[in-house]
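Please consult the sequence and the model alongside the points below.

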Amino acid sequence: MSISITLNGSPRALQAEPGENLRDVLQREGVHSARNGCDGEGTCGACSVLVDGRLMNTCLMVAGQVEGRDVRTVEGLAKPRELTSLQKAFVDAGVVQCGYCTGAMLMAVAELLEKVEQPTREQVKDALSGTFCRCTGYEQIFGAVRLAIARRLDPATPFEEPKFEAPKFRPGLRYVGKASGKVDGYQLARGEGGFVEDKVRPGHCHLKVLPSPHAHAYIKRIDTARAEALPGVVTVITYKNCPDVWYNPAGQGFPEPSPYDRRMFDQKMRHVGDRVAAVVAETPEIADAALKLIDVEYEVLPAVFTIEDAKKPGAPVVHKAFVEYAVGAPGELDAYNQGVDPREGKIIYQFPIHADPHQNLAASVHGGIGDTDKGFAEADVIHEQTYESSQVQCTPVEPHIVYARMEGDRLVLHASTQVPWHVRRIVARILGVKENKLRVIKERVGGGFGSKQDMVLEEVAAWATWVTGRDVLYRYSREDEFTNSRTRHVMKVRVKLGAKKDGKLTAVLMDLEANTGPYGSHCLTVPMNACSKSLPLFLCDNVHFDVHTYYSNIAPTGAYQGYGAPKGSFALQLAAAEMAEKLGMDPLDFLEKNRVREGAMLEILRCLGEGREGTPQLVHTCGLGPALEQGKKLVGWGKKEKSGDADVKIGQGVVIVQQGSGLPGLDSANAAISMFGDGTFMVLSGGTDLGTGLETVVVKMAAETLMVPMENVAVMAADTDATPFDVGAYASSGTYFSGGAALNAALKMKKLLLAEASEMLQEPENHLQLAWPGVVKGLSGEVSYEQIARRTQSGTGHGQLMASAHFITDKGSFPYGAHFCEVAVDVRTGKVKLRKYFALQDAGTAINPELALGQMYGGALKSIGHALYEEMKYDEQGRCLNPNFIDYKVPQMGDLPDEFKAVLIDTNDPFGPMGAKSISEISTNGAAPVIAAAIHDAVGVWIRSWPFSPEKILRALGRIR
């Protein structure tokens, strides 16, 4: 059917199937900005456009409903390659991060500003109440709206502090430490296509997977004949015809500390949603129909879902597999493997991680410094408690997606991934080909947060294309994200503290148990990170930790922003607050008494390497002092307020947090810079930008070093054919490692420029210097970069100037932070309202201050959601009961604290590029403990498991049983 509409001011005739929704029709017409994040629930708002001036969710509209109507999308806000003041303000204020929901947010605000000239904060919140963004934390949108209004009156209005909250650092530098907007911000604000779904060619096939209905079962029989006979089905994949290769999808450096404990398709199912079979078909409808024709008979097995059940003697075993070791096999391995059922498959360890899978133990480790027995014996006061976390989902608005195609005899993967080089390596091994037969292109990523550090679906599409030769698109549904993607590890952490009467800690013990689910992705490193990113915050001579991780039949776990640190931080920081109460001390004084300081040697890190011995690190910079001091003033620490309602009690909390900047001694990054014929530059970076602004960091490193405008530096990143190796976007490594590699490449280019100019000017290099805007000056004259480029690229020159460099280090640079909050707790309902939340963080030099603040707001709000209401729920059979945005609550704009502020603490790190440390992951570590401490300050009860639901609070208050 043909539908006549006005689309962005032009009459259009759209072709639609009867009943087809408007979003799908618009996407087919090239309107990329109408995104799909919730499978037609209408809960994420990513598909929003204006229909006759009203914001509408296109996934909830049948295309025929817009017959004769006016439809406006973000692509039509301005002329091609231009921006409105609102679009520019979104970029300048740091609102544009991954960009997947940017178009929808812009249209919501555009509708508001057409109706209200000077909207209030509440009106802005209401306008955006239906749009979900996991990246931004929403707070900077208010500044963007104010800036857009100001520029509507005066287009020359600058983006400056303090009016629009853009701090400046390093006055001697032109770009570093100054707000500039993302280098790809304008494209994202215009709604230009750049995500995987925008790269798909006509005629591609669709891949769909049949999920296991059981949490634990063997496939006794599987018959795919009827599915294969269905017209339009290209192939069906099961455990019978997929590669017989065992691997782990965790994107970690080789040799991985994660066990190789899964096959692409296996005869044993280990969680509800596990892969039974895959259908590749000409259309998604045919694929769905074929799945229903696959006949499967299961032998259902008892399942385990909790840590307690998994470690019980005689518990059902998730992996009673045949075990192999690449190195370090124990002597009793042959006896251990006796009697293994072939249907259980294999587990291959690259090196020992102290596992016992036949007892559901996926990994274990212990260590420490000093003598904790002696420390506890010396203590005047001892506190011991156990703290627990729930299973939460990463919920990127863009689900996992990959598009596979052949290019000659080579396989090309367009992937939404954080780790393109790890994907290439692992897929090549599974397919049994050399890595030069694969190309992985990291397209724009619509949110990752750790879930896209794993290879979740890429290998299935890769195999399908490799064996059929057809283009294949595989995209997760929102339910798939919950049941088959990656989630936070569930943890139970017992903390024991000993202290003197004056508050000085004498001993710290952390006993951590983790639930890794059905497979061992990150099963050693995430729980270890919970220790390594919390224990070094306190200077204590006697520290010990024990870690045990267990297999179970819940949905898969893996990496999630913070990578274990939020759970370790929750346990240790809340234990510190409880110890302060026992001592009769102000919790802020207790933290000040014991906290890490500049000049401290962190000996505990010797015991906390990733599967091998770590290295003690000296703390060179630590911003905790000024962070605590400023936060104390912001929150009005110690001033007990009353609400005016006898049933609403107000309380405050404070915690300190830390993270790392990559993995010294393990991570590496590379970059290269080429000079073009007019004296401009191209940076080839291996770094993977997830919307964090890493490509902007890379450009700033080059522009600042080479003394040229940022627009004179282009960047290409994360394409395994075109750019150099990088470990990927995880472990807070981006700015530190990828930025460091770009800086080193720029410094090499600087040397090449000086050498060429020396010949041209006939002056020694030590007489020369680079100068703005792209010249080399000497005592006798100057030469422009364009003149250098022409000379080097001429027939008599030395050849195009190209410089490559890498960045590795054994030095750690630790970001630190202090989070303060104030809550109001209603003792009648148990509801917690966040009145104030302040995150003050030391990121060294903030290379992109506005984007750094956005990362802080986003990380903090994400963890506020985890602390207060996010939780995956299961029934007795292991089925997730809330695998969607209707039943799984995520923070939206109406959930913001009344007063929400992120503050950057300047420290100028000696090892990071231009003084930088990491910024984003640390932001997730503070909310749970600081809110729990504030709840106690308000109503006198300790809530030691998150989320802090009203029921838990009322139960603790004795109001309900």
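A residue is called buried under 20% relative accessible area, exposed over 50%, and partly exposed in between (1.4 Å probe, protein chains only). By that scale, arginine 835 is partly exposed at 22% relative accessibility, whereas glutamate 822 is buried with a relative accessible area of 1%. The model is predicted, so local features need pLDDT of at least 70 and side-chain atom pairs count only at pLDDT 80 or more, while totals for chains, interfaces and linings use all residues. Residues are numbered from 1 along each chain as its sequence is written, and side-chain values use heavy atoms, with hydrogens and water left out.

**Nonpolar cores**

- A nonpolar core is a set of buried Ala, Val, Leu, Ile, Met, Phe, Trp, Tyr and Cys residues joined through side-chain atoms within 4.5 Å.
- The largest nonpolar core has 185 residues, of which Ile931 and Phe948 touch the most other members.
- A second, separate core of 59 residues includes Ile222, Tyr239, Ala462 and Val472.
- Beyond its neighbours within four places in sequence, isoleucine 931 is in contact (heavy atoms within 4.5 Å) with residues including Cys821, Val823, Leu834 and Phe948.

**Helix H8**

- Helices (H or I, at least four residues) and strands (E, at least two) are DSSP runs numbered from the N terminus.
- In helix H8 (residues 284–292), Ala287, Ala290 and Leu291 are buried.
- These residues lie on the same side of H8, because they cover an arc of only 105 degrees around the axis, taken from the directions from the helix axis to the C-beta atoms.
- Glu285 and Lys292, on the other side of H8, are exposed.
- The buried residues of H8 pack against strand E6 (205–211), helix H7 (225–229), strand E8 (233–237) and strand E10 (275–281).

**Salt bridges**

- A salt bridge is a side-chain nitrogen of Lys or Arg within 4 Å of a carboxyl oxygen of Asp or Glu, and the count by this rule is 68.
- Because glutamate 870 lies in the loop between H22 (849–868) and E35 (899–905), and arginine 134 in the loop between H4 (121–127) and H5 (140–153), the pair ties together parts 736 residues apart in sequence.
- Both glutamate 870 and arginine 134 are buried.
- Glutamate 822 and arginine 835 also form a salt bridge, with the closest N and O atoms 2.8 Å apart.
- That pair links strand E33 (residues 816–826), which holds glutamate 822, to strand E34 (residues 832–842), which holds arginine 835.
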